[in-house]
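I opened the model to look up contacts, helix packing and the nonpolar core. My notes follow in the order in which I took them.

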Amino acid sequence: MAKGDDIEERLIDFAVRIINLCTHLPKTSAGRHVAGQLIRSGTAPAPNYAEARGAESTNDFIHKLKICLKELNESRVWLLIIKKSKMLSVESLADITKECDELCRIINSSIKTSRARNES
């Protein structure tokens, strides 16, 4: 397994879980809106991370990781909106919210490490 394969796999799994979660959102105008936004932001980190792994430079790598983190942060907010609006139960959102938070920390740590290496 190459370096980064495990994170890419987790991001792919996260995207699949987001897709599956969105199928359970209410079929109301609000539910459809939130589902569309969450599918967009929740499926974006995996391909952005894959792009980062093929970056042309350290700055390009950092830039693509920052996009990945931005999409994860947006997903976290949509998950909170779902929770607070009671579109889905708190219990059904707990694991995916925890995974989103962990992925945010991992990607943020990678950005910091890459910046530090780039500056030295």
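Entry 1. I listed the contacts of Glu 71, leaving aside neighbours within four places in sequence, and found Arg 40, Ser 41, Ala 44, Pro 45 and Asn 48. Contact here means heavy atoms within 4.5 Å. The model is predicted, with local features needing pLDDT of at least 70 and side-chain atom pairs counting only at pLDDT 80 or more, while totals for chains, interfaces and linings use all residues. Residues are numbered from 1 along each chain as its sequence is written, and side-chain values use heavy atoms, with hydrogens and water left out.

Entry 2. I placed Glu 71 in helix α4, residues 58-84. Helices are DSSP runs (H or I, at least four residues), numbered from the N terminus. Is Glu 71 buried or exposed? Glu 71 is buried, at a relative accessible area of 8%; the cut-offs are under 20% for buried, over 50% for exposed and partly exposed in between, with a 1.4 Å probe and protein chains only.

Entry 3. I turned to helix α1 (residues 5-22) against α4 and read an angle of about 30°, with the axes 13 Å apart. Axes are lines fitted to C-alpha atoms, for helices over the stretch in contact, and angles run from 0 to 180 degrees between N-to-C directions. α1 is therefore roughly parallel to α4; angles under 35 degrees count as roughly parallel, over 145 as roughly antiparallel, 65 to 115 as roughly perpendicular and the rest as oblique. From α1, Leu 11, Phe 14, Ile 18 and Leu 21 make the contact, and α4 brings Cys 68, Leu 72, Ser 75, Leu 79 and Ile 82.

Entry 4. For α1 and helix α3 (residues 45-53), the angle is about 160° and the axes are 8 Å apart. That makes α1 roughly antiparallel to α3. Asp 5, Ile 7, Glu 8, Leu 11 and Ile 12 in α1 meet Pro 45, Ala 46, Tyr 49, Ala 50 and Arg 53 in α3.

Entry 5. Which residues have the most contacts inside the largest nonpolar core? I found Leu 21, Leu 72, Ile 82 and Ile 107, in a core of 30 residues. A nonpolar core is a set of buried Ala, Val, Leu, Ile, Met, Phe, Trp, Tyr and Cys residues joined through side-chain atoms within 4.5 Å. α4 gives the largest share of this core, eight residues.

Methods:
Helices (H or I, at least four residues) and strands (E, at least two) are DSSP runs, numbered from the N terminus.
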